[in-house]
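Here is a friendly walk through one protein model, written for someone who likes to know the cut-offs behind each term. Please have your viewer open as you read.

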Amino acid sequence: MKFNIKKNGFYCFAFATAVSLTACVGDLDVTPIDPSLDTPENVLTSTEAYNQILAKCYSGLSVSSPDGDSGDPDIEGIDGGFGQYLRALFNMQELPTDEAVIGWNDQTLKDLHGLQWTSSDVFVSAAYSRVFYQISICNEVIRQIDKSGSNDPLLQQYRAEARAIRGLSYLHAIDLFGNVPFTDEKSEVGSGNPTQISRTDLFNWLVKDMEEAAEALPANPEKYRAGKGLAYMILAKLYLNAAVYTGTANYQKCAEYCQKIIELGYKLESANNWWKLFCADNDQMLGVGHEIIFSVYQDHINTQAYGGTTYIINAQVGGKMSYADYGLGGNGWGGLRVTPQFVDKFEGGDQRATFFTTGQSKEIVDISDFASGYAFTKFTNLKADGTIINGANSFPDTDFPVFRLGDVYLMLAECEVIGGVSCDGISKFNEIRTRAGLAPIEKPTRVNIIDERARELAWECHRRSDLVRFGLLTSGDYLWSHKGMNSNVGTPHGVSDKYNLFPLASSDVISNTNLEQNAGY
């Protein structure tokens with residue numbers, strides 16, 4: 001049984017309740033969207049009905065509103081554009097790093113690359129609120145399935161899918177915010193403010209939850225749905241970053257889950273197909289037998305939102321670039337570029353060096369000027385054959401690859417080179433390099449590993465986490481253009497280690513006395 005992701009009804013699921021949140025995630029009351037609607041007990045009378053409420057867990061990653069780009073956002077007080085899940089995640093994971101700068105003067109946006117944000121930063125609050133809104137939606141779906149009392153295998157699979165999507169958001173929560181407010185399906189709705197869970201306790205809970213969810217998930221799921229691969233990727237990421245989250249590294253377990261993913265049958269795409277992972281029909285690269293393990297659906301009709309790949313592709317186009325060359329139906333937004341330090345990581349002949357340089361300076365003299373810094377054109381709204389789906393449009397059809405096998409190969413390399421695990425990681429590392437057109441490295445170093453991750457996974461929302469794990473995000477030993485500064489004067493420099501974590505939203509800390517703010521904020 002499928003939910004048809006291409007129908008508008010995907011976003012208007014027949015569920016009479018929705019999580020009603022302000023920017024403060026302490027308000028977890030579930031209240032009717034419309035008092036005239038039936039109650040869940042009346043609506044949830046078939047597996048198809050549960051299938052449709054589960055759809056909200058998926059659509060929450062794609063859109064900010066069930067009514068498209070012009071609709072009221074799900075979360076009151078959070079802009080539906082920069083508050084969209086993937087856009088908020090991109091801002092948190094890419095803008096503070098050497099992989100991306102943005103020229104816009106929107107509120108505190110430049111503070112992200114300058115590593116100068118505060119606990120009241122609107123972009124940090126948007127990411128925080130979106131992550132916990134998503135968790136609350138998944139909690140409610142699980143809760144409703146549990147209330148049904150049914151042991152129907154299909155319903156139990158839906159329950160596991162909701163757990164996996166919740167696990168993805170809790171992975172983002174533990175990574176971005178550390179000790180966070182915690183709720184699950186057992187949390188009593190309307191019973192008061194959530195309590196705070198430590199990073200270590202959340203790590204342990206999430207490991208157990210994902211291990212259990214994986215047992216009920218299909219090995220070869222329908223497109224865009226959670227399967228064992230998603231659960232295993234979350235577990236691999238947890239163990240990859242175990243030293244950051246718990247103080248104790250565990251590369252052995254990371255390697256074990258990476259191997260489980262490979263055994264599911266995912267395959268690395270060929271050198272000729274690498275760029276197809278980021279084009280408008282990249283759904284052809286999704287699923288067992290292909291490289292993409294889990295992606296967020298994007299469609300120019302049904303997922304109209306100013307986030308996701310709409311944000312990435314439009315914001316990367318400007319200056320002398322032709323928007324039509326990237327399948328866009330209007331002028332680009334002229335915002336995102338890369339730093340010269342990122343450019344310098346690429347060797348000659350690397351097919352991943354997709355820079356647009358005409359009219360662009362390599363150095364970022366003026367961060368507000370799109371011509372300062374090379375443009376990066378990894379993502380495109382063109383199909384693999386170079387044509388455009390249904391005419392040029394500013395809302396792309398390019399899905400966002402959340403997890404893919406290339407990352408698994410590089411995690412295995414890190415497990416072997418840094419963690420000392422015997423897992424064929426160096427061979428996998430060199431498969432990534434040779435696919436890109438580069439010579440193998442017989443004995444890769446720690447620097448080789450982190451630099452290869454930058455080249456292979458750029459703009460896929462991993463870079464900040466990687467730099468934190470390698471001790472480089474705040475360090476004065478590795479600098480990039482405008483690091484530690486948000487103006488056009490001064491010299492890049494290291495910053496306080498407090499910036500290895502984002503703060504909890506100040507509005508939430510004020511309203512919920514159970515929460516203690518992260519150190520330094």
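## Ground rules

This is a predicted model, in which local features need pLDDT of at least 70 and side-chain atom pairs count only at pLDDT 80 or more, while totals for chains, interfaces and linings use all residues. Residues are numbered from 1 along each chain as its sequence is written, and side-chain values use heavy atoms, with hydrogens and water left out.

## The chain as a whole

The protein has 17 helices and 10 strands; these are DSSP runs numbered from the N terminus, with helices (H or I) of at least four residues and strands (E) of at least two. Of its 521 residues, 61% are buried. Here buried means under 20% relative accessible area, exposed over 50%, and partly exposed in between, with a 1.4 Å probe and protein chains only.

The accessible surface is about 18,100 Å², and carbon and sulfur atoms hold 48% of that area. Areas come from the Shrake-Rupley method with a 1.4 Å probe, and for residues only the protein chains shown count as cover. Among contacts (heavy atoms within 4.5 Å) with a separation of 6 or more, 69% join residues 24 or more positions apart.

## Helices H10 and H13

The axes of helix H10 (residues 251–263) and helix H13 (residues 405–417) come within 9 Å and cross at roughly 150°. Axes are lines fitted to C-alpha atoms, for helices over the stretch in contact, and angles run from 0 to 180 degrees between N-to-C directions.

Which residues of H10 meet H13? On the H10 side they are Tyr251, Cys254, Ala255, Cys258, Ile261 and Ile262, facing Leu405, Val408, Tyr409, Met411, Leu412, Glu414 and Cys415 in H13. By class, this contact has 12 nonpolar, no polar and 1 charged residues. Ala, Val, Leu, Ile, Met, Phe, Trp, Tyr, Cys and Pro count as nonpolar, Asp, Glu, Lys and Arg as charged, and the others, Gly among them, as polar.

## Aromatic pairs

A search of the whole structure gives 30 aromatic pairs. Rings of Phe, Tyr and Trp (its six-membered ring) pair if their centres lie within 6.5 Å; planes under 30 degrees apart are stacked, over 60 edge-to-face, and the rest tilted. Trp104 and Trp333 have ring centres 6.3 Å apart and planes at 50°, so this pair is tilted. The two residues are 229 residues apart in the chain. Trp104 is buried at 16% relative accessibility, whereas Trp333 is partly exposed at 29%.

Tyr224 and Tyr297 make an edge-to-face pair, with 5.0 Å centre to centre and 80° between the planes. They sit 73 residues apart. Tyr224 is buried at 10% relative accessibility, and Tyr297 is buried at 4%.

Ser295 belongs to strand E6 (residues 292–296). Is Ser295 buried or exposed? Its relative accessibility is 3%, so Ser295 counts as buried. Beyond its neighbours within four places in sequence, Ser295 touches Tyr224, Leu286, Asp399, Phe400, Pro401 and Val402.

## Two positive phi values

Most residues other than glycine have a negative phi. Trp459, however, has a positive phi near 65°. Trp459 lies in the loop between helix H15 (446–457) and helix H16 (463–469), is buried with a relative accessible area of 0%, and belongs to an aromatic cluster that includes Trp104 and Trp333.

His482 also has a positive phi, near 70°. His482 is placed in the loop between H16 and helix H17 (506–511), and is buried at 4% relative accessible area.
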